[in-house]
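User: Hi! I'm new to reading protein structures. Could you walk me through this one?
Analyst: Happy to, let's look at it together.

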Amino acid sequence: MNVIRTEIPEVLILEPRVFGDERGFFMESWSQKTFNAAVGHEVNFVQDNHSRSARGVLRGLHFQLPPHAQGKLVRCTQGAVFDVVVDLRRSSPTFGKWVGMELTGTNYRQVWIPPGFAHGFVVTSERADFLYKTTDLYAPECEGAVRWDDPAIGITWPDLGMAPLLSAKDAVAPLLADARHFG
């Protein structure tokens, strides 16, 4: 596995080894030992999630606060998305900064998002299937969100030639200055 550090050092892009030929491909999509070595400590996942979205759907920017803060390992298995991670740790030198990357069903990349970060993505293909492994169970009382278009964050989303399709909750998410944060 190739490990790429982003501009926010705790957020990692993981590129698994893919073996392909005219029959298709094989890859090891998950190994506890390999993943722990990549992130430098033991991480335990307790829940897997799968979403399917149409072109232009923007999900995020979502997070969970303690005591149920979630780390996430995410990947796109079909289609393509522009994936974004925002640092919500007030004590961090990268607080409010973001990193973005393309995840597709053919580049096989995965992104490690530790607790303390907001996550979101927009679908750039006709349809996308997106998988999440999480380190804590969903806890609605701990969930939070930040507006996808907060000018203080300044995410450069891809131009899809259409307004993003948002959930009612995401459409009214608070700005970073008004959102709940990590210490």
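Predicted model: local features only at pLDDT ≥ 70, side-chain atom pairs only at ≥ 80, totals over all residues.

**A chat about strands and sheets**

User: Is Ser-51 buried or exposed?
Analyst: Ser-51 is buried, because its relative accessible area is 12%. Buried means under 20% relative accessible area, exposed over 50%, and partly exposed in between (1.4 Å probe, protein chains only).

User: And what is Ser-51 in contact with?
Analyst: Setting aside neighbours within four places in sequence, Ser-51 has contacts with Arg-59, Phe-121, Ala-128, Asp-129, Phe-130 and Tyr-132. Contact means heavy atoms within 4.5 Å.

User: Nice. What order do the strands have in the open sheet of six?
Analyst: The order is β1-β2-β10-β7-β12-β5, with antiparallel pairing. The edge strands are β1 (2-5) and β5, and each of them pairs on one side only. Two strands pair if DSSP finds at least two bridges between them. Neighbouring strands of this sheet are turned by 25° against each other on average, direction ignored. Axes here are lines fitted to C-alpha atoms, for helices over the stretch in contact, and angles run from 0 to 180 degrees between N-to-C directions.

User: Which helix packs on that sheet?
Analyst: That is helix α1 (residues 32-39), and it touches β1, β2, β7 (72-78) and β10. The direction of α1 makes about 140° with that of β2.

User: How many bridges join β2 and β10?
Analyst: Three bridges, in the antiparallel sense, between β2 (residues 12-15) and β10 (residues 110-113). Leu-14, for instance, has Gln-110 in β10 as its bridge partner.

User: What holds paired strands together in general?
Analyst: Strands of a sheet pair through backbone hydrogen bonds, either parallel or antiparallel.

User: Now the five-strand sheet. What is the order there?
Analyst: This open sheet runs β9-β8-β11-β6-β13, and the pairing is antiparallel. β9 (98-104) and β13 (143-145) each have a single partner strand, so one side of each is left without a neighbour in the sheet.

User: What does β6 pair with?
Analyst: Strand β6 (residues 58-64) pairs with β13 over three antiparallel bridges, and Phe-63 stands opposite Gly-144 in β13. β6 also pairs with β11 (residues 117-123) in the antiparallel sense, over four bridges. There, Arg-59 has Phe-121 in β11 as its bridge partner. Five of the seven residues of β6 are buried.

User: Switching topic: how many disulfides are there?
Analyst: A search of the whole structure finds zero. A disulfide is a pair of cysteine sulfur atoms within 2.5 Å. As for cysteines, Cys-76 is buried at 3% relative accessible area, and Cys-142 counts as buried at 5%.

User: Last one: how many helices and strands are in the protein?
Analyst: The protein has two helices and 13 strands. Buried residues make up 49% of its 183 residues.

Technical notes:
Residues numbered from 1 in each chain as written. Heavy atoms only, no water.
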